[in-house]
Amino acid sequence: SLKVYNNIITTGYMPAITVFGSGVSEIYNNVISDIYYEGINVTDKIPENTTPDLFPPPAGIIYNNTIINTDNGANAIKIFAYQTPLGHQVYNNLMVEKGTDYDYPAKGMYIKGDQPIKLTSGNNICYPDAASAGFVDATGKNYHLQPTSTAVNAGRDMSDFGLKTDYDNTVRPQQGKYDVGAFELKDGTTSPPGANAGSDVTITLPCDFVTLDGSSSTASGGNT
């Protein structure tokens, strides 16, 4: 089978990863962002005058990818391939997309065909924006997870697929459960401290002092 893994693909036009055939393709631990079309596309495109034994239809096994802002914010994963008797499997993908009314089986994915598609999926999470995903620094394209992210420990157990590491070669799982997406949060990682001095205060001179409310600040780990 074909394996596509541990890639960072950003800022492009056509789908970041496209599969047209050749049987089973495993796609995992990839970080994909800012692509005009889908992040991952699996489509039946069998050459004429070929037989399934020579060029079998595609069967996508797509798991633990992080996909942000693809297909104009519509879909991260598109599968338009019904010919495989094996079916497709889609697990533990972290997506940041707005989605559409046509998404199936869940927001951020369009998995349909001219005929019913055999599909098994689960533990995929689609966030409406990067802030909701709990990334370390989405603006700087650092898509590692903060401890407060709901993607932490939210994944399917992928040991049956032999998934033992993430994009960084960090051992999976770290806390007894797999994280969703391409990055596994290292055990013991804490959130950076955050300073919040409250609402803006207008100072009118002369003024000897001003009081700021820092009760909403957070210490390392997210504690106030």
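Q: How many bridges join strand S7 to strand S10, and which way do the two run?
A: Three bridges join S7 (residues 59-63) to S10 (residues 88-91), and the two run parallel. Strands here are DSSP runs of E, at least two residues, numbered from the N terminus. Two strands pair if DSSP finds at least two bridges between them.

Q: Where did the model come from?
A: This is a predicted model, where local features need pLDDT of at least 70, side-chain atom pairs count only at pLDDT 80 or more, and totals for chains, interfaces and linings use all residues. Residues are numbered from 1 along each chain as its sequence is written, and side-chain values use heavy atoms, with hydrogens and water left out.

Q: What is the strand order in the open sheet?
A: The order is S1-S4-S7-S10-S13, five strands with parallel pairing. S1 (2-5) and S13 (119-122) are the edge strands, each pairing on one side only.

Q: Is S7 mostly covered or uncovered?
A: Mostly covered: five of its five residues are buried. Buried means under 20% relative accessible area, with a 1.4 Å probe and protein chains only.

Q: Which way do the S7 residues point?
A: Ala59, Ile61 and Tyr63 point one way, while Gly60 and Ile62 point the other way. In a regular strand, side chains alternate between the two faces of the sheet.

Q: New topic. How many residues are in the largest nonpolar core?
A: It has 20, and Ile62, Ile77 and Val90 are among those with the most contacts inside it. Such a core is a set of buried Ala, Val, Leu, Ile, Met, Phe, Trp, Tyr and Cys residues joined through side-chain atoms within 4.5 Å. A second, separate core of 16 residues includes Ala133 and Phe183.

Q: What does Ile77 touch?
A: Its contacts (heavy atoms within 4.5 Å) include Ile40, Ile62, Val90 and Tyr110, not counting residues up to four places away in sequence.

Q: And why does Thr66 count as buried?
A: Because its relative accessibility is 1%. Thr66 lies in strand S8 (residues 66-70).

Q: Which backbone atom does the Thr66 side chain reach?
A: The backbone nitrogen of Ala182, at 2.9 Å.

How values were computed. Buried means under 20% relative accessible area, exposed over 50%, partly exposed in between (1.4 Å probe, protein chains only). Helices (H or I, at least four residues) and strands (E, at least two) are DSSP runs, numbered from the N terminus. A polar contact is a pair of N or O atoms within 3.5 Å; within protein, one must be able to donate a hydrogen and the other to accept it, and residues adjacent in sequence count only if both atoms are side-chain atoms.
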